[in-house]
Structures are given as structure tokens and as C-alpha cells.
Amino acid sequence: MISRNTVWDNIDKVRGSGPVVHSITNYVVMNSTANALLSAGASPIMAHAKEELEELVILSGALVLNIGTLSPAWIESMRLGASIAAANYKPVVLDPVGAGASKLRTSTSLSLLEEGGISLVRGNASEIMALAGTGAATRGVDSCNDTSEAEKSAKTLAKKYRCIVAVSGCIDVVTDGDTVYHITGGSEYMPLVTGMGCIATAICGAHLAICEDRFAAAVSAMGCMAAAGGVAELASNGPGSFAVQFIDALHNVTENDINRLVEVRVV
Amino acid sequence: MISRNTVWDNIDKVRGSGPVVHSITNYVVMNSTANALLSAGASPIMAHAKEELEELVILSGALVLNIGTLSPAWIESMRLGASIAAANYKPVVLDPVGAGASKLRTSTSLSLLEEGGISLVRGNASEIMALAGTGAATRGVDSCNDTSEAEKSAKTLAKKYRCIVAVSGCIDVVTDGDTVYHITGGSEYMPLVTGMGCIATAICGAHLAICEDRFAAAVSAMGCMAAAGGVAELASNGPGSFAVQFIDALHNVTENDINRLVEVRVV
Amino acid sequence: MISRNTVWDNIDKVRGSGPVVHSITNYVVMNSTANALLSAGASPIMAHAKEELEELVILSGALVLNIGTLSPAWIESMRLGASIAAANYKPVVLDPVGAGASKLRTSTSLSLLEEGGISLVRGNASEIMALAGTGAATRGVDSCNDTSEAEKSAKTLAKKYRCIVAVSGCIDVVTDGDTVYHITGGSEYMPLVTGMGCIATAICGAHLAICEDRFAAAVSAMGCMAAAGGVAELASNGPGSFAVQFIDALHNVTENDINRLVEVRVV
């Protein structure tokens, strides 16, 4: 049974073991996701050159693929990275930023899923719906739709590609295709800071690196985000100060904060 | 008559309607401009792949082109983006970062202007002077020259390319080639934070997306920057805290702040 | 004799003369290093297109090469930039981010050193050990090893390539191959913020631009980092607020702060 204890245990393990997380990610969020990983206790690597992917994936505990600012050369790097990770039994998280908003984003995400090796997909509702074939085009990358729709799409996607799917929203949804967990907490400022979803994906990478049960890792990573978001909101006056406080909170969040600010329940 | 009321009305409209602003911009400012747009109430898209430009420009309310970290492939994307925007009657803002400092920057800016479809150019004095053919080489991208020179250059440029020109400086200058507005306010910290000009350009995109009168949109965007800068300075101890407070201020700025901190007048 | 007075003199000179520092650097730290340079009083240029390198290097006071997110095209730009800088007697700083973690990073750093024109290498212990041929593979780019080992490697590297070597760590080490300086100060938050090493490298560029004695420039730049880190820590609650306070501190740091918080001594 995954619970708030799991959230705390995994946060604590990341801090204790400092997993290396390799990201092939978008230009917009490289700085903020690297800072989030460092504050959470992980060690970020950002690299996309095909010449060095094998060495870097091998020394990492997880690989994060994020399609936020795509180009053909980066797609090739992501594919190569995923195949190296699969060959070396490293978990891979995919963030399908903007899937549904363009054919390039949808098809790149789907082909990465079809080629295999993706342990976890972390997206918002419209992105997950687009990949499950149940959603209309997204409006930007920050849109939010009905949660029950997202849940159905998440289950479809998880079953089809045998992966965990985590959907960020007012209520976060995490599923392996059968069981569904809801995680609540966080802050209304989160959608007003660019890359909070990308940070969630990177934190998923850190939790996957230290936790063999990928379903538990996905839930604990989303719980970590919810706790840090809740702590940060109390010290914020807007999205700018929230972003700063959030990084502090990833470093400082306690078991008590999780118990106070986060709910984890099986649906 | 454009006034402080126009500034507030457009700030309020951006918050109410959440326009999508698509940026093909430089690596340095992607994160901070995305955060500025979100805080102002807009919805940012950052994408440069030619394969997806048509879909993304069509779902956006405005396109921002920023040449801060140029390369041949990105120039091609900007050209394609501008032509798609023109064909779909979407406003385009150009930020000629560093024009005058290299032939590549000057010629790229001028050819984008010559190909048409640019609604608004937002730059600093030396950049605008370089494009109008009246300035010497810039010293970096943060130099500041005499305002009356900038005004003359701005009018020349606006007339030649039938666009609005906004020049950031101690006093901001906005012109359609005939009428000139001055906007005062802001903070002395603004030139000490990288990308404040690029943020101004992005905010121009948001205002153009919700206001058909592009002259009014340019003035209101610069007025929004001036108000947020004034609010932020009061809570800052240096350029680092100013940057954070500025993002908060874009989210929180009120009509009263504008009346207190900003002047808008026709020259 | 290099001393705390040298640190203050060079900080003051950067503020007074505003040197232009051109960086060909990694995507992760472009924003934060540009902000650090601005806060310290310098004027940053970030540009990598071969078409404009000559013009921009010539108008700069120093060139920074940082291999954090490498690709073949960027390696070519770095090589071209270094050769233009050498031909124009501009100092060049190399930050061998992640050297030792991949062959691409190690060999790119070494070939830049072999081609000549590098005035200063600034790295962490594992990177310097990898380049000197004395270290094992780095674990990520944030690893820290024994200081005496680093010192030996730094001397070897400095002698071999006739450059200054600065090694960041709990105690910073700067050497010309013969004399060794230790700089202490800073904050335990520094390794928890991405790009603090890259910022140190950029500040080295600013100090090299205003100080002919490159050994003194390297020591004063590291002393500036140590002072700003010490000031920032007092106002921080975690790595997020530390990063903001650090940028403020670069702007505000006084001679008194240096005397209070930094030690500079010849070993």
C-alpha cells in the first residue's frame, strides 16, 4: 500500500543517496529542473550529444526525456538515450510537453512509447488525453481539463504501453492501468510558474532511481511536489517568490509537512 | 488618446483572456520570459522546429521573434514563423537584440523587417539606431544612448517599415512614425537583470494579442513593465531580489500602482 | 603579493569599467551567468554563431568557454572563438564542465588547451584531475574529492598548458603551476545551486578583462565568489533563496565583507 510514509521514505532516500539523473530536456526549464534536482538531493546531468550519451546514461540512475523545445536532432538523441537506458535497465521518464498541440509533439511522444523502455509518463491532462487518443488539441501547454477524463486516458495509456502514468492537476492522478492513486496538496501558484510540470518529471526521475517499485516512485515524487508546493505557498506573494520558495522547500520539506499538507489515497 | 487607463485596461484584458504567445527566442531568456508571461496572465509557447510552427502559430494570439542567440537554423525558423503569422493575420513583435553589434544581427533584423509582417519592434536605443542606420556599433546589448537620437531613429524605422517602434530606456519611447509617447516609471535595477528588454517584448506580444490597436498595445505593454518595475523596486535589495519581485509584481500590479508609478504622455 | 586588497580592487574595477564578457556557454546556466555578470558590474554577451564571433570577441574584454551542454557545432564555435581571441590578445577562460564524465568532454577540453590561448581553467576537483590525467571518472559534475590531490593536478595542468588553474571546493585552490593560493569563504549552499561553478568562471572572465595579471585576476574572482557566498548565506533559507541573495550580494558586496568573510593566503 502506497502512502504518505512512502512519500517520506523516498524523499529521505533521495537525500541520502544522491542519485544521478540525466535529462535530455527543453531549453526553457534546464536551469530550474537542475536546481530542483539539486535541492531535492539528486545530482543532475544535462547532455544531449549522441557522442556522450552512452557514458552518461550508464553512470546515471534514471533518464528524463522532455520534448518541450523539440527539433529533429534532439529527437534522435532522445531515441538513442532511451535505447541505451533500456539496454542498461535504467528507468526512463517521458514528459510529453505540448502533446496534442502539434503533430510533431504527439508523434514523437508516441514513437518513444512504442519503441519501449519508458517506465513512466508524467504530463498534464490534455497531454495525456492527446496521447491516449481521447483529447482535443491542447491550448498551449498549461491547459487543464476534467480529472475523470484524464484518469480514463491515463489508464488507457498505462495499459497500452505497460508504464506508469502520472497526471498533474488540481488533484494529481497516478496509475499503473489498474489501480489509481490521487495525490492532493500543492499550490495554486504552480501553474503560474513555467516548468513546474517539468520539475515534477525530473523529481519522478530521482525517485525512480532510488525505488524499484516504479508505481510507488511516481506517487512519492508527486507527493514530494505537493508537499513542497504547500510549504512554498505560505511564504509567497506571487509566482516569482513562489518559485524561489519552492526550491527552498524541496530542500527543507519534513515528514511533518507531508502529513500536514499532502493526501495520498487509492481511489 | 492612449493613457494610463489604456495600460490598466490591457493588463486587465490579458489577465481575463489569457492569450497564447508563441516565442522563437534566445536561450538566455526563455525561462524568465515564460515566467513573465504566465505572471501577467498569458500562456507561453516556446518552439522553434519548422515542423510544428504552422500549428503553433495558428493557435497563438501573437508571435515574438527575438534574435538574442542567433544561428542560421533559428533565422530560418523566424522567417518561416513570420510568414505563417502574416498569412494568418497574427501580430508579430521583433526584438533585435544586439543589432549593431554584429552584421549578422543587424542584417537578420532588417531582412525580417523587409519581408514584412512585423507589427512592432521593441529594442534599446542603440539597437533601434543601428536598424535606422543612424547609430554606431553597440557596446554589448545593454548600452544606452541619448533619448532624442533614439526618438528620431524610432520614427524613421516606424515609417520605413510601417510598424510601431518601442524603445526602452530611462524614458521609454513608443511611436508609429508620427505620434510619439513617453512612458516613465520602472526601476534602475532593470538594466541589471538579463532579459528585462526581452520580457518587455514578450509582454508587447501579450498586449498585441488582446488589443487590435497596436500602438495602444505597445504603450500599454511598456506601461505594464514600468508599473511592475516600480512596485518591485520597493521590495528589492539588489538585482536578484528585484527579478523575483518583478515577476510577483506582474501578477499583482493594480490600477492604483499604475496611477502612482507610471506616466504616459504624448510628446 | 595577492591579497584581500587585490580582491577588492578588482571587484571595484569591474564595477567601474563594466567589461564586456563574451560567453560560449551551456544552456543550463546562460541566464544565471548573465545575471551574475550584470550584478558584478560587467556586461554579458552570449553568442555562438560562427558568423558573428569575430565581431563580438573583438568588442569583448574576455571570452568564456564552457562545455556544459556540448555538441559538435558548439565545439567548432568554441575553437573558432578561442583562435580569434588569441589573435586579438583577449584572455580566454575554459570551464571543463563534466570533464572525466565522458570522453567527449575530456577530449574537447584537452584539445582546446592544446590549441593554445587559454589563460585560465576553472573547474572542480574531479574535472581538473581528469584533465591532468590523475583522476577517475567524475560522478556527475558536482563531485568533490580530496583537496591536496586537486592541488597536485592543478599544478601539473597549469605547467603543462602554461595557464592559471582555479579549483573550486570547500577551499578554492588557484595556481600558476608554482605558487598556490588558497581562498576560503563561500557557503555550503553553493554546490546545491546549479551553475555556481559556471558563475565563478564567468566572474573570472570579468576579472581577467580588467586585470593584466591573470593569476591575481583568478584569485580575486574566486575571492569575489567567496565573499558573495558568505553574504548570501546569512539571508538564505535554502538553495532557492541563496541563489537570489547571491546575485544581490555580487552587486552589494563591500570591502568590509571581504575582510570579514574571505581568507586569501599563499600556501
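## Packing of α8 and α9 in chain C

In this predicted model, α8(C) and α9(C) cross with a right-handed sense. Helix α8 of chain C spans residues 196-210 and helix α9 of chain C spans residues 214-233; their axes come within 8 Å and cross at roughly 135°. That angle makes α8(C) oblique to α9(C).

On the α8(C) side, the contact is made by C:Ala200, C:Ile203, C:Cys204, C:His207 and C:Leu208. Facing them in α9(C) are C:Arg214, C:Ala217, C:Ala218, C:Ser220, C:Ala221, C:Met222, C:Cys224 and C:Met225. By class, the contact of α8(C) with α9(C) has 10 nonpolar residues, 2 polar and 1 charged.

## Packing of α2 and α8 in chain B

In chain B, the axes of α2(B) and helix α8 (residues 196-210) come within 9 Å, with a crossing angle of roughly 40°. Angles under 35 degrees would count as roughly parallel, and α2(B) and α8(B) are therefore oblique to each other. Their crossing is right-handed.

From α2(B), the residues that make the contact are B:Ser32, B:Thr33, B:Ala36, B:Leu37 and B:Ala40. From α8(B), they are B:Cys198, B:Ile199, B:Ala202, B:Ile203 and B:Ala206. The contact of α2(B) with α8(B) holds 8 nonpolar and 2 polar residues, and no charged ones.

## Contact of chain B with chain A

Chain B brings 27 residues into contact with 26 residues of chain A. On the chain B side, the elements that give two or more residues are α2 (30-40), β2 (43-46), α3 (50-58) and α10 (239-252). Of these, α10(B) gives the most, with 7 residues. The side of chain B that touches chain A is made up of 15 nonpolar, 8 polar and 4 charged residues.

## Contact of chain C with chain A

Between chain C and chain A, the contact takes 26 residues from chain C and 27 residues from chain A. The elements of chain C that give two or more residues to this side are α2 (30-40), α5 (103-115) and α10 (239-252). Here α10(C) gives the most, with 4 residues. The side of chain C that touches chain A divides into 11 nonpolar, 11 polar and 4 charged residues.

Do chains A and C meet through the same or different surfaces? Only 12% of the interface residues of chain C are also interface residues in chain A, so the copies meet through different surfaces.

## Confidence

For the complex, the predictor gives an ipTM of 0.94 and a pTM of 0.96. Chain A has a mean pLDDT of 95, and 96% of its residues reach 70 or more.

Where in chain A does pLDDT stay under 50? This applies over residues 137-145 of chain A, for which the model has 28 contacts beyond four places in sequence.

Terms used
Residues are numbered from 1 along each chain as its sequence is written. Chains are lettered from A and ligands numbered from 1 in the order in which they are written. This is a predicted model: local features need pLDDT of at least 70, side-chain atom pairs count only at pLDDT 80 or more; totals for chains, interfaces and linings use all residues. Two residues are in contact if their C-beta atoms, placed from the backbone, lie within 7 Å. Ala, Val, Leu, Ile, Met, Phe, Trp, Tyr, Cys and Pro count as nonpolar, Asp, Glu, Lys and Arg as charged, and the others, Gly among them, as polar. Axes are lines fitted to C-alpha atoms, for helices over the stretch in contact, and angles run from 0 to 180 degrees between N-to-C directions. Angles under 35 degrees count as roughly parallel, over 145 as roughly antiparallel, 65 to 115 as roughly perpendicular and the rest as oblique. A crossing is left-handed if the near helix is turned anticlockwise from the far one by less than a right angle, and right-handed if clockwise. pLDDT is the predictor's confidence in each residue, from 0 to 100.
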